[in-house]
Structure formats: structure tokens, C-alpha cells
Amino acid sequence: MDQIANQPEAMNQGAPRPALKVLLAGPRGFCAGVDRAIKIVEQALDRWGAPVYVRHEIVHNRFVVEGLQAKGAVFVEELDEIPDDGQPVVFSAHGVPKSVPAAAEARQMLFLDATCPLVSKVHREAERHHAGGSHILLVGHAGHPEVIGTMGQLPEGSVTLVEDAEAAATVQPPEGPLAYATQTTLSIDDTTEVLDVLRARFPHLSAPVKEDICYATTNRQAAVKAIAERCELIVVVGAPNSSNSVRLREVAEKAGCPRAVLIQRGRDFDPSLADGLSTIGITAGASAPEVLVEEVIARLRERFDVVTEDVTVAEERIVFNLPRPLRAPAPTAAE
């Protein structure tokens, strides 16, 4: 029976497969902030054992979250879900309002802050402008953890969220000095449009010392733009709640690719989407590991004779230090 069942598959394997060129956008996948956040959870598990609690998804990728859960990480939405068992809690890479570490300190919890240093930079800039008397216009998406964390650095009413160019044209901030900050994972082109409107309306609007959209977002969008016009389809590997991944899909289509799709991993990808096409592209959001890109390529090889080409627009060598508690020597059993 097994031989009979496998005959059609064997015949398909012998048939010539259509050729397909796959352009691999580079950089893609993990950035330094995501890599650091994951290492914080892993090393906390090595040092203190399970469970290690994580407030919210450490990064927006289900594969990563499930992998850490399998090692002993326990994901919670709020600190009140964590028992007083002395085990550490990690704050996600997106950053948290100041009220969260304050609550952890009040409970004498051991906490590790995995906030991306480039998000922390936005927090410090917002604080600096606020201390100088400016009201902050924050360009970002309502409800995103990074936006919640940034707004939570300052007293209520100190920040006004501006989501798009339409909102920029109508926002009515308080009288007095103004400064802006942005979410780190936005579309560069869309953000430029928003800021052009704001600057036209508020000529004395103060800017960050260095732009807030991070290097990883900038590089991944540039890489997609570099391949978009050569591709008939671009596959973005990433989560639907990952801002930078969603922006990559949007950027691909705006840059000239007829179609772009967002998938979480290879098993979610239907390779027949590439039927009749000669060239497609693949990229991955900053929270997606390279193994998920490899899954997509493997799916394509089931159906096509795949030839890959790397298109790299920048080399990334940035590494962020781990929090001080993880850099200190681990206590010995005698201690």
C-alpha cells in the first residue's frame, strides 16, 4: 500500500520543475535589540532556573515566544499575575511605562529590562524635551507597546499621539514649545510625510538629536526597496502584530512590487502563489529568526527549481550589552 501511495509523489519528483529566482533581501531578520532581548531571557533561565516571567511578548514573534516557553519562560500581561516566588521578570524589548518598574520595585521583584537601547534613547529624548518645557508630538501607532511605553515615560497630558499625515494636519497641541519623537519601527516614507506636515504647521518644532527610526528598520526597508521592482511577489516573514514587519509589506508594494504577503512561517506559506512567476523576493522582520526564512525557501523548493540571490544594502555589526545583573558573575552555591 505504501508503494502505491507514494507513486504519484515519485512521479512528481521526476517531472521537471519550473525555474524560480528568489532574491533574498539583506539585512533581514533579527536586529541587535531583538537578539539582546532573547539572550536576556535565555541567560536568566540559565542563571535562576525556571520559571522566568516575561511581561508581554518579549518580541513580536510566536515562534520565538513558543521556543522560550519550552525552555521555562512564563509570559504574562501584567505584574499582578506573577507570584511572590523570588523569580525574575523580564520587560519586553518594546519598553514599558515608568509605572511598571516602579511597581516591580515596590514588590521587591528582581527585574531585567530588555527594552531595546534605541527605544530607551527615544524615552530619554522625550524626557529631555519635556524637562525643557516642550510638549511632545509622538508619531506612532495607537496601542503599540512601544508607543504605550514612550508615552508612559512622562506625566499624563505631556504627549500627543499623531498617527498619520491626516492627523498631523489637524492636531491641536497646547500653546508653547513643541518637540517630536517617533516610534522606532515606522515606515520612513510615511513618517517623512507626517513630519513635513508638522514642520509646515509648527516651524519651531524641535527634533531629536538623532532620528528615532532605528537603523534596523531603515536597513530592512532599504533592502526591500532594492529588490521591489525586480520582483513579482515579495514574501515578508513576520508576525501580524509586528510593526516593522507590517511596514515591510507596505513598503514592498509602494516601491513597485505588484504583490507582497506577510506570513508567520514556512508552514503558513502556499508556494502556489509563485506559480507563473519568474522572480520573487523574501525578507523578514526584525523579530523573525533566519530559520523561518529557510522554511519558506524549503517550501518553494518542493514546487520549483529555486536559485537564490542575496541583495545586501548594508552590513550590520551592532551588538548591545546585556543588563548589569547578567554581566555580573553568577553567585556560587556557597553564596
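Helices, of at least four residues, and strands, of at least two, are taken here as DSSP runs numbered from the N terminus. On that basis, the protein chain of this predicted model has 12 helices and 12 strands. Its C-alpha atoms fill a box of roughly 75 × 65 × 30 Å along the principal axes. Of the 335 residues in the chain, 48% are buried. The accessible surface comes to about 16,000 Å², and carbon and sulfur atoms account for 51% of that area. Among contacts between residues at least 6 apart in sequence, 77% join residues at least 24 apart.

We can turn next to the charged side chains. Side chains of opposite charge can pair when their charged atoms come close. Here the count comes to 23 salt bridges, and a few of them are worth a visit.

Helix α2, which spans residues 32–48, holds both Asp35 and Lys39, 4 residues apart, or about one turn of the helix. These two form a salt bridge in which the closest N and O atoms are 3.1 Å apart. Asp35 is partly exposed at 31% relative accessibility, and Lys39 is likewise partly exposed, at 36%. Glu42 counts as partly exposed, with 27% relative accessibility.

A further pair sits in helix α5 (residues 117–131), where Arg128 and Glu125 are 3 residues apart, about one helical turn. Their closest N and O atoms are 2.7 Å apart in a salt bridge. Arg128 is partly exposed at 43% relative accessible area, whereas Glu125 is buried at 9%. Elsewhere, Lys21, Arg230 and Glu309 are linked in a network of salt bridges.

The cysteines complete the picture. A search of the whole structure finds 0 disulfides. For Cys31, the closest cysteine sulfur is that of Cys116, and because the two sulfurs are 5.9 Å apart, they are too far from each other for a bond; the cut-off for a disulfide is 2.5 Å. Cys231 is in no disulfide either, with the nearest cysteine sulfur, in Cys257, 5.6 Å away. Both Cys31, at 11% relative accessibility, and Cys231, at 4%, count as buried.

Conventions
Residues numbered from 1 in each chain as written. Predicted model: local features only at pLDDT ≥ 70, side-chain atom pairs only at ≥ 80, totals over all residues. Heavy atoms only, no water. Buried < 20%, exposed > 50% of the residue type's maximum accessible area, 1.4 Å probe, protein only. Contact = heavy atoms within 4.5 Å. Areas by Shrake-Rupley, 256 points an atom, 1.4 Å probe, with all protein chains shown as cover. Salt bridge = Lys/Arg side-chain N within 4 Å of Asp/Glu carboxyl O.
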